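Please keep the sequence and the coordinates open while reading.

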Amino acid sequence: MKTTELLVIGGGPAGLCAALSAAESGASVTVVERNNRLGGQLIKQTHMFFGSREQYASTRGIDIAKILEAELIKYSRQIEVLTDTAVLGLYEDGVVNALYKEEDYFKIKPKAIVAATGAYEKSLAFPNNDLPGIYGAGAVQTLMNVYGVKPGNNVLMVGAGNIGLIVSYQLMQAGVRVAAILDAAPKIGGYLVHASKIARMGVPILCSHTVKEAIGKDCLEKAVICMVDERFSPIPGTEKELEVDVMCISVGLTPLCELLAMRGCEMKYVPQLSGSVPVRNERYETTIENLFVAGDASGIEEASSAMVEGRLAGLCAAAKMGYKPADFDERFKGYAAQLKALRSGPVGEHILRGIEQIVSKEDRHV
Amino acid sequence: MRIEEHPILDFKRGKILNFTFNGEKLTGYEGESIAAALHAAGVKVLGESLNLHRPRGFYCAIGNCSSCLMVVNGVPNVKTCVTELKEGMVVQTQRGKGVLK
C-alpha cells in the first residue's frame, strides 16, 4: 500500500493550488488526476481571466495551467503527480482505492485528503435532447480547443451565462457559425463585455427563449425554439425553427462530490452552489476529520475562486498534519481577502448566501 | 471538420494513426481521444441507448456522462472521449451493456 501525507484528488485549478500551498508549508503531497494531463478544464480555456493578479488575471486559462505546472516542478521533491489515475473509493479506515489506466488497482493511505473533484455540465429537458449533435458547451470547447476539431457548421447556444458567451465567441474563432444564443432568463447572465463582443459579430442573443424540441433522425438537424413568459412557461405561437447541426447546452454545472457523499460526509443541497455539497468548517474540512474540499466540488464558482480555495484548503490540511507555518494567520487572511474580493457584486452575494448554509463554525466530525 | 487556422491556438498534431470503426478504415492523430478522431472523421453517432436503441453521441467530453461508451479492442464500456487513440485500434459500436470476460 502506498502512503503519503496529503492526497489531493483532482489536478485542476483547485487541486493544483491545494498541492502547491501544502507543499509550501512543508507537507509531502500526492496529486491524483484521472485524465492523462493536469490542468483540469483550464486546458481548454483560451480566454483571459478576470479577478486580480493573484489569480492570474489577464492570463489565458491555458497559460495558467502551464504556470501552475511550472510551479509544481519547483516542489518536485515534495509533490508527486499520478495522472491516468482515478480514485474509486474512500473508506472508513482511511484507505483510498485507486485505478491506474483502467487496469491496475492499488491502495493509498494518506494522512489527509483534499477533494478537488470539480464539476460536470448540467443537461436540459426537452424532447430529443439525447440526439448526437447536442453537447455540453464545455464538451464542445474541449473538442475545439484541445483537439482542434469543429463540432459542426451551425450552432445554437443554449444559455447566455459566461460559459455560453465565451464558447460562442470561441466557436466563431474556430470558424464555426453561431446561429443564435438563447436564455430562458429575461436578461443576459454573463458579463456584458462578453455579450457585446458577440452582439457586434451579429449573433442574436435571445432572452426569454428556450428550446421546445430537437428534431433529427440520427443526429440533430433542427431545433424548435420558443419564447417563455415570466414563469418560464412556453408561449404558444412563438415557435421558430432553426436549422442547426449542433446545440450547446450551457445551463450551469453540478458539483462532482460523489466520493465525499460515499465516504459519509454530511451533504446539503444548496441551490446557490448548484447542487449537493459537503458541510464544512471555515478551514475547508468536511464533517469527516482530515477530509478537506476545495473548488467546484464545494460549490460552483469560477476557476479564479477555485484556485484560492485550493490554496486555503492546502494550507489548512498541512497545518492539521503539523505543518503550520509561522505566518499561517497572515496567509489565511490573505486568501480569505482574495475570495472576498472575487465574491463582490451580485453573483458573489448569491454565492455567499450559499456558503453561509454549509459552513459551520465548530467542528462536527462524525 | 478540423480547425486549420486559429487566432490563438496552434494545433501541433502528432503522427497519423490508423484505426477502424465498425470495420471502416479511418485515421486520426496521436494524442487525441478516440471520440475526437471519430468526430473529425464525421462520425457523431458513437453508440445507442440500452432499451430504446436511440443514437448516442458524446455529451460531456470529460469522461463523466457515459454517453460515449464503445467497444475498443474487444473491451466494452470504454469512455472514448477520454481514451487516447492508438495505432491499429479496433473501435466498434456497442450494443447492450457489454460482457466482462
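Two residues are in contact if their C-beta atoms, placed from the backbone, lie within 7 Å. In these terms, the contact between the chains takes 26 residues from chain A and 28 residues from chain B. On the side of chain A that touches chain B, β7, β8 and α3 of chain A each supply at least two residues. Of these, α3(A) gives the most, with 5 residues. By class, this side of chain A has 11 nonpolar, 10 polar and 5 charged residues; Ala, Val, Leu, Ile, Met, Phe, Trp, Tyr, Cys and Pro count as nonpolar, Asp, Glu, Lys and Arg as charged, and the others, Gly among them, as polar.

The model is predicted; local features need pLDDT of at least 70, side-chain atom pairs count only at pLDDT 80 or more, and totals for chains, interfaces and linings use all residues. Residues are numbered from 1 along each chain as its sequence is written, while chains are lettered from A and ligands numbered from 1 in the order in which they are written. The model scores ipTM 0.96 and pTM 0.95.

Helices (H or I, at least four residues) and strands (E, at least two) are DSSP runs, numbered from the N terminus. In chain A, 5 strands form an open parallel sheet in the order β8-β15-β9-β10-β11, where two strands pair if DSSP finds at least two bridges between them. Strands β8 (134-136) and β11 (205-207) of chain A stand at the edges with a single partner strand each, so one side of each has no neighbour in the sheet. From one strand to the next, the twist averages 20°. Inside the sheet, β9 (residues 154-158) and β15 (residues 246-249) of chain A pair in the parallel sense over 4 bridges. A:L156 has A:M247 in β15(A) as its bridge partner.

Helix α3 (residues 137-145) of chain A packs on this sheet, touching β8, β9 and β15 of chain A, and its direction makes about 90° with that of β8(A). Axes are lines fitted to C-alpha atoms, for helices over the stretch in contact, and angles run from 0 to 180 degrees between N-to-C directions. A residue is buried if 20 or more other C-beta atoms lie within 10 Å of its own, exposed if 12 or fewer, and partly exposed in between, with C-beta atoms placed from the backbone. By this count, 9 of the 9 residues of α3(A) are buried, including A:Q141 and A:N145. They pack against β7 (119-121), β8, β9, α4 (162-173) and β15 of chain A, together with α1 (34-40) of chain B.

Chain B has 1 helix and 7 strands, following the pattern β-β-α-β-β-β-β-β along the sequence. Its C-alpha atoms fill a box of roughly 45 × 25 × 20 Å along the principal axes. Buried residues make up 39% of the 101 residues in chain B.

Two loops of chain A deserve a look at their backbone angles. Most residues other than glycine have a negative phi. A:E102, in the loop between β5 (96-100) and β6 (104-115) of chain A, has a positive phi of about 55° although it is not a glycine. A:E102 is partly exposed, with 14 other C-beta atoms within 10 Å. A:S274, in the loop between β17 (267-270) and β18 (275-278) of chain A, has a positive phi of about 70° and is not a glycine either. A:S274 is buried, with 20 other C-beta atoms within 10 Å.
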